[in-house]
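Visitor: Could you walk me through this one slowly? I am new to reading structures.
Guide: Gladly; let us take one topic at a time.

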Amino acid sequence: RRKKGSLSVLPTLPLDILFEIFMRLGPADLLHLARTNKAFRNVLMSRQSAFVWKAVLDAVGDKYPPRPPEMSEPVWVNL
């Protein structure tokens, strides 16, 4: 039998707790997390999660240039 990892409980947490955790990540880490599985992708790439991306980009301040208005936050981080 395979032993479950210590992070296996993460996808089962309530969304408000997940969003608090997500907002503490860096932009690249958030993008990588969104690419780990379909559940995280569906949550992080939905329009309802835009506030998480904005908070993460605001937290890094001047490390990233300002986002062009025609680009979404995940696309800007990916670039």
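**Serine 49 and its surroundings**

Guide: The side chain of serine 49 reaches the backbone oxygen of valine 43 at 2.4 Å, a polar contact, meaning a pair of N or O atoms within 3.5 Å in which, within protein, one must be able to donate a hydrogen and the other to accept it, while residues adjacent in sequence count only if both atoms are side-chain atoms. Please keep in mind that this is a predicted model, in which local features need pLDDT of at least 70, side-chain atom pairs count only at pLDDT 80 or more, and totals for chains, interfaces and linings use all residues. Residues are numbered from 1 along each chain as its sequence is written, and side-chain values use heavy atoms, with hydrogens and water left out.

Visitor: Where is the place of serine 49?
Guide: Serine 49 sits in the loop between H3 and H4, where helices (H or I, at least four residues) and strands (E, at least two) are DSSP runs numbered from the N terminus.

Visitor: Is serine 49 buried or exposed?
Guide: Serine 49 is buried, with a relative accessible area of 0%; buried means under 20% relative accessible area, exposed over 50%, and partly exposed in between, using a 1.4 Å probe and protein chains only.

Visitor: And what does serine 49 touch?
Guide: Leaving out residues up to four places away in sequence, serine 49 touches Phe19, Val43 and Leu44, a contact being heavy atoms within 4.5 Å.

Visitor: New topic: how many helices does the protein chain have?
Guide: The protein chain has five helices and zero strands, and 28% of its 79 residues count as buried.

Visitor: Which residues are buried in H2?
Guide: In helix H2, which covers residues 27–34, the buried residues are Pro27, Leu30, Leu31, Leu33 and Ala34. Seen down the axis of H2, these buried residues fall within an arc of 160°, so they line one face of the helix; the arc is that of the directions from the helix axis to the C-beta atoms.

Visitor: Why would residues three or four places apart point the same way?
Guide: An α-helix has 3.6 residues a turn, so residues with that spacing point the same way.

Visitor: What do the buried residues of H2 pack against?
Guide: They pack against helix H1 (15–22), helix H3 (38–44), helix H4 (50–60) and helix H5 (73–78).

Visitor: Which residues are buried in H4, then?
Guide: Val52, Trp53, Val56, Leu57 and Val60 are buried in H4. They cover an arc of only 125° around the axis, which puts them on the same side of H4, whereas Asp58 and Ala59 are exposed on the other side of H4.

Visitor: What follows H4?
Guide: Glycine 61 follows H4, and its phi is positive, near 65°.

Visitor: Let's switch to glutamate 73: which helix does it lie in?
Guide: Glutamate 73 lies in helix H5 and is buried, with a relative accessible area of 8%.

Visitor: What does the side chain of glutamate 73 make a polar contact with?
Guide: The side chain of glutamate 73 makes that polar contact with the side chain of arginine 67, at 3.3 Å. Not counting residues up to four places away in sequence, glutamate 73 touches Trp53, Lys54, Leu57 and Arg67.
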